[in-house]
Amino acid sequence: MLILLMTLEELELDSLEGVGPARKQKLIDAGIHTIMDLAVRGPSEVADTVGLDLAAAIELCNKARTRLVEMGRLEKDFVSASEIYKRRQNIEKISTGTKNLDELLMGGIETQAVTEFYGEFGSGKTQLCHTLCIMVQLPKELGGLDGGAIYIDTENTFRPERIAGIAKARDLDPDPILERIIVAKAYNSPHQELIVRELGRVLDQNNIKLVIVDSAVAHYRAEFLGRGTLAERQQRLNRFMHLLLRYSETRNVAVVMTNQVQSVPDQFFGDPTKATGGHIVAHTSTYRIYLRRAGKNRIAKMVDSPYHMEREFPFILNEKGVDDPAEETTSRRGR
Ligand code: GTP
Ligand code: MG
């Protein structure tokens, strides 16, 4: 699935057979503004949020898909490997601002993928997210994508002053950088889901190249206590994660999310170094990187990736956000 540039007019909902004014309004109320949004959300979510029966939602989403395929905006169901290869040529990379982390990621954070950083408190997840909001704005020759960032802040830890500080330490003017970061505070998990459902429009209108969710799982973890609620929690988390993944693929943007580790083994997950969110988050993320403290340094380890080696590299936190350690201690351990 890949859509490059699109004009919103071509994707008007009422250009689709079966969408009259009333249904259009219901779709818009559910955050579905375009035919692309319909295809991205998929039938079961459209049925739930718009109040359609599933058969009608399937028909509507299939029409949306067909239209997008005809317009060349979406890949056909059966595609040749060479077409996929061509699409993957459009993958772009955002430098982390450190040599070590870029090497771990083989160039940087990729578009068309969800990259998950997980680790204990203070391991540097939020600092890395702040740094990436700046790096993505740099021109391509300096490691950025000349695009803006969206920061979905669920823990109230986004700090514009920190962005300004990191920008200055990197010899950049903070004002235009702050202008190109859109912040959405999510107060609870339904609010977080609402924000992500509305994201399509924001992505289309603001040349966004990076979406950050810091942290993705915190609200779910706090709100769903007890084994009885686990199934619902995992279902909602699954939907949330897949929506993010589809945005990354259809808009050619990078999605970065953070995740905590279990400090106290609880009834769901026994391993204290395992990320919360269970297998849903683990399976949906394209790349997973584990961050931990090691004295004054931090260590990043590639844990899960279709093609990266399982290596680890040190990095530090300083006025530049994330940075390379002063002396070259790039110990790299192969698998
Ligand atoms: P949780 O969200 O609690 O799970 O942790 P996290 O992984 O997001 O940690 P975060 O990225 O917030 O890292 C916190 C650490 O960053 C602090 O312990 C400091 O070591 C470092 N840090 C934060 N702000 C600054 C700063 O302005 N300058 C420097 N040098 N270090 C900072
Ligand atoms: Mg944090």
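Predicted model: local features only at pLDDT ≥ 70, side-chain atom pairs only at ≥ 80, totals over all residues.

**Exercise 1.** Work out how helix α10 and helix α13 are arranged relative to each other.

*Solution.* 
Step 1: Recall that two packed helices are described by the angle between their axes and the distance between the axes.
Step 2: Find both values. Helix α10 covers residues 189-197 and helix α13 covers residues 230-251; they pack at about 25 degrees, and their axes are 10 Å apart.
Step 3: Compare the angle with the cut-off. Angles under 35 degrees count as roughly parallel, so α10 is roughly parallel to α13.
Step 4: Look at who touches whom. From α10 come Ser-189, Pro-190, Gln-192, Glu-193, Val-196 and Arg-197, while α13 supplies Arg-236, Phe-240, Leu-243, Leu-244 and Tyr-247.
Step 5: Sort this contact by class: 6 residues are nonpolar, 2 are polar and 3 are charged.

**Exercise 2.** Which residues of helix α8 are buried, and what do they pack against?

*Solution.* 
Step 1: List the buried residues. In α8 (residues 160-169) they are Ile-163, Ala-164, Ile-166 and Ala-167.
Step 2: Look down the helix axis. The buried residues of α8 lie within an arc of 165 degrees, so they line one face of the helix.
Step 3: Turn to the other side of α8, where Glu-161 and Lys-168 are exposed.
Step 4: Find the partners. The buried residues of α8 pack against α7 (125-135), α9 (174-179), β5 (181-185) and β11 (321-323).

How values were computed: Residues numbered from 1 in each chain as written. Chains lettered and ligands numbered in written order. Heavy atoms only, no water. Axes fitted to C-alpha atoms, helices over the stretch in contact; angles between N-to-C directions. Helix = DSSP H or I, 4+ residues; strand = E, 2+ residues; numbered from the N terminus. Parallel < 35°, antiparallel > 145°, perpendicular 65-115°, else oblique. Contact = heavy atoms within 4.5 Å. Nonpolar A, V, L, I, M, F, W, Y, C, P; charged D, E, K, R; others polar. Buried < 20%, exposed > 50% of the residue type's maximum accessible area, 1.4 Å probe, protein only. Arc of directions from axis to C-beta.
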